[in-house]
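Visitor: I am new to this structure and would like to learn how to read it. Could you show it to me and then take me through its features one by one?

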Amino acid sequence: MTLAQANSAAVVELLNTYMNYARTDGIDLIGVAAIRKHDETQDACASDVAGNPNLLGALKEGLGILQTKVKGKLASWAPPEDELVVSLIEKIKPNTMVAWDGLVSLIDQARFCEENGIEGAFVELGCWKGGALGAMALANMEWGKKRRDLHGFDSFQGLPMPRADKDDMPWASVLGISASQCDGSLRPARATLLEASQMDVERLFVRLGYPLDHIYLRAGWFQDTVPAAWMDIDKIAILRLDGDLYDSYALSLDCLYDLVVPGGFVIFDDWDLKGCREAVGDFFSRRGIRAYLSQVDYSIRFLQKAA
Ligand SMILES: C[S@@+](CC[C@H](N)C(=O)[O-])C[C@H]1O[C@@H](n2cnc3c(N)ncnc32)[C@H](O)[C@@H]1O
């Protein structure tokens, strides 16, 4: 075996290990890159990655972080109550890309709402296969006195086109979209990883045993569904924004931010993406909002509205 072949074999092994961790603990950007490369062709990807020390280094670092997180689940110092949270997360993990810390924090926030009488629906924009919405549903079933309305918005055909002037182009290229295609139009971008079906979400809620008459799935582009749903949603306790793109964030905030009640939460899942940061910043400046955003992990920030 030549040195190049040995390197390639090592890289393929690294990618395989990475994917196993990424699949059990959420998929981050490096994971997406690894999976795309792996799925394209193993050999081609191996020499490609082996010849790129930066990507190889990023993969190794990412793998270390994921390994630590997965081991963290088994840590013997976890308070007994955390075992309940672990068991809730295990029920919805296959249906979400949100990583461990984001799910723990989300369940905490939903629990807080239940225990402190924070009224309103749990809402997610960009619900994909429904796992994060499911985490809020489980918290409601565990700590809530009555079932809440849950609203999940998604195109169920992946992202629309990003905007070259507002969204991250390196990120778009990881998803296989070239800058010249990024005109913000409402047609599915080539991001098959982000496609999910409404059926995925419905099946999850049947499995979780949440009453289906409290679940509102809003299929279509946010640009159509959010203004249409706005009149039907009275109060929001948790507004979870996970739409990746500038326009998806801007529209969601314009229409729904004011429905979040005092003591309720607004969660921004994509702080690692320029489109999310800029849309939130622009919205805050337009509205004169000065809010401290708490950090959950590298991509999640949230605020709690003053009670
Ligand atoms: C990263 S995924 C969400 C992940 C999900 N919250 C979870 O628990 O894993 C982003 C989702 O946002 C949806 N999305 C983004 N912008 C949208 C828009 N303008 N209209 C409809 N869906 C959109 C995509 O279809 C995709 O399913």
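Guide: Let us begin with a definition: two strands pair if DSSP finds at least two bridges between them. Helices (H or I, at least four residues) and strands (E, at least two) are themselves DSSP runs, numbered from the N terminus. Please keep in mind that this is a predicted model, in which local features need pLDDT of at least 70 and side-chain atom pairs count only at pLDDT 80 or more, while totals for chains, interfaces and linings use all residues. Residues are numbered from 1 along each chain as its sequence is written.

Visitor: How many helices and strands are there in the protein chain?

Guide: The protein chain holds twelve helices and seven strands.

Visitor: In what order do the seven strands form the sheet?

Guide: Strands of a sheet pair through backbone hydrogen bonds, either parallel or antiparallel. Here the seven strands make an open sheet with mixed pairing, and the order is β3-β2-β1-β4-β5-β7-β6. Because β3 (215–219) and β6 each have a single partner strand, they stand at the edges, and one side of each is left without a neighbour in the sheet.

Visitor: Which strands run parallel, and which antiparallel?

Guide: Strand β4 (residues 236–241) runs parallel to β5, to which five bridges join it, and I236 has V260 of β5 as its bridge partner. Strand β5 (residues 260–268), in turn, pairs with β7 (residues 301–304) in the antiparallel sense over four bridges, and there I267 is partnered by F302 of β7. Strand β6 (residues 294–295) is also antiparallel to β7, with two bridges between them, and Q295 has R301 as its bridge partner in β7.

Visitor: Are W128 and F156 buried or exposed?

Guide: A residue is buried if 20 or more other C-beta atoms lie within 10 Å of its own, exposed if 12 or fewer, and partly exposed in between, with C-beta atoms placed from the backbone. W128 counts as buried because it has 23 C-beta neighbours inside 10 Å, and F156 counts as buried because it has 20. Of the 307 residues of the protein chain, 41% count as buried.

Visitor: How many residues of α7 are buried?

Guide: Ten of the 13 residues of α7 are buried, so that this helix is mostly covered; among them are G131, A132, L133 and N140. The expected span of a helix is 1.5 Å times one less than its number of residues. For the 13 residues of α7 this should be 18 Å, which agrees with its end C-alpha atoms being 18 Å apart.

Visitor: Which residues are the closest to the ligand?

Guide: A residue is near a molecule if its C-beta atom, placed from the backbone, lies within 6 Å of it. On that basis 24 residues surround the ligand, and the closest are T96, G126, W128, S155 and S248. At least two residues of this shell come from α7, and at least two from α10 (222–230).
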